[in-house]
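Hello,

Here is the structure we talked about. Please open it first, then read my notes below.

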Amino acid sequence: PPGRRLFAFLGSTIGNFEPAEAIAFMSDLAAVMDPGDSLLLGLDRVKAPDVLEAAYDDAEGVTAAFNLNLLSVLNRALDADFDPGAFAHRARYDVGRRRIEMHLVSRVEQSVRLGRMNERLDFSRGESILTEISRKFTPEDIDALLGAAGLEPIACYEPDNGYFSLVHARPVTGLS
């Protein structure tokens, strides 16, 4: 549309990308932005590991049920025979990579049929399927991501606890 545009990528979805993928996505976005356009970007911030792990392995089991539901989706989509009861949800924070990793861990040695792919997957007890990553960002990480993508911050909102950032950014080439 004519005029200035505001692009929004909220919910810290950028954290589900590996670093190179995040830069590529943000660079592609910056490339379609015109002077005067801007981006509103949500990013989850680094927190204490116990806070993060509690958020991704909540006591009510909501996240575990969500993660385990992936097996039911695969059963329908691939004519597979995953037994969700034979897997356990695990969420762990990797401090070095600053990311939560969600896994489905095989409780037993088992073999799973993927009918539509004419494949069989064998799992050892304790073997896991990585189902999601959720990277967490420091202020320096945010600046580096924006800079690598050709964007610069205009403003940033962070609550007092520093748990997330909402960044308003623009293309570097959009400066006059």
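Domain bounds here come from an automatic or database domain assignment. On that basis the chain splits into domain 1 (6–45 + 137–171) and domain 2 (50–135). Please keep in mind that this is a predicted model.

**The two domains**

The C-alpha centres of domain 1 and domain 2 are 29 Å apart. Twelve residues from domain 1 and nine residues from domain 2 make the contact. The size of an interface is often given as the accessible area lost when the parts come together. Here domain 1 and domain 2 bury about 850 Å² between them. Of that area, 38% is on carbon and sulfur atoms.

Two salt bridges are counted between domain 1 and domain 2. Glutamate 18 also pairs with arginine 99 through a side-chain salt bridge, 3.0 Å from N to O. Salt bridges with shared partners join Glu18, Arg97, Arg99 and Glu101 into one network.

**Other salt bridges**

Side chains of opposite charge can pair when their charged atoms come close. The structure holds eleven salt bridges.

- Arginine 5 and aspartate 34: the closest N and O atoms are 3.4 Å apart. Arginine 5 is in the segment before strand E1 (6–9), and aspartate 34 is in the loop between helix H1 (19–32) and strand E2 (38–44). They are 29 residues apart. Arginine 5 is partly exposed at 23% relative accessible area. Aspartate 34 is partly exposed too, at 42%.
- Aspartate 44 and lysine 136: the closest N and O atoms are 2.5 Å apart. Aspartate 44 lies in strand E2 and lysine 136 in the loop between strand E7 (128–135) and helix H4 (139–148), so the pair ties together parts 92 residues apart in sequence. Aspartate 44 is buried, with 15% relative accessibility. Lysine 136 is buried at 2%.
- Glutamate 158 and arginine 45: the closest N and O atoms are 2.8 Å apart. Glutamate 158 is in the loop between strand E8 (151–157) and strand E9 (164–171), and arginine 45 is in the loop between E2 and helix H2 (49–56), so this pair ties together parts 113 residues apart in sequence. Glutamate 158 is partly exposed at 33%. Arginine 45 is buried at 11%.

**Rings**

A search of the whole structure finds seven aromatic pairs. One of them joins phenylalanine 82 and phenylalanine 123. Their centres are 6.4 Å apart, and the planes make an angle of 55°, which is tilted. Phenylalanine 82 is in the loop between helix H3 (62–78) and strand E3 (87–94), and phenylalanine 123 is in strand E6 (residues 119–123), so the pair ties together parts 41 residues apart in sequence. Phenylalanine 82 is buried at 7% relative accessible area. Phenylalanine 123 is buried at 8%.

Ring pairs also link Phe9, Phe17 and Phe25 into a cluster. The charged end of lysine 47 sits over the ring of tyrosine 163, 5.3 Å from its centre.

**Backbone**

Aspartate 79 is not a glycine, yet has a positive phi of about 50°. Aspartate 79 sits in the loop between H3 and E3 and is partly exposed at 39%. Arginine 98 also has a positive phi, near 50°. Arginine 98 lies in the loop between E3 and strand E4 (99–106) and is partly exposed at 29%.

Best wishes

Conventions
Residues are numbered from 1 along each chain as its sequence is written. This is a predicted model: local features need pLDDT of at least 70, side-chain atom pairs count only at pLDDT 80 or more; totals for chains, interfaces and linings use all residues. Side-chain values use heavy atoms; hydrogens and water are left out. Rings of Phe, Tyr and Trp (its six-membered ring) pair if their centres lie within 6.5 Å; planes under 30 degrees apart count as stacked, over 60 as edge-to-face and the rest as tilted. Helices (H or I, at least four residues) and strands (E, at least two) are DSSP runs, numbered from the N terminus. Buried means under 20% relative accessible area, exposed over 50%, partly exposed in between (1.4 Å probe, protein chains only). A charge sits over a ring if NZ of Lys or CZ of Arg is within 6 Å of the ring centre and within 35 degrees of the ring normal. Contact means heavy atoms within 4.5 Å. Buried area is the accessible area (1.4 Å probe) that two parts lose on being put together, summed over both. A salt bridge is a side-chain nitrogen of Lys or Arg within 4 Å of a carboxyl oxygen of Asp or Glu.
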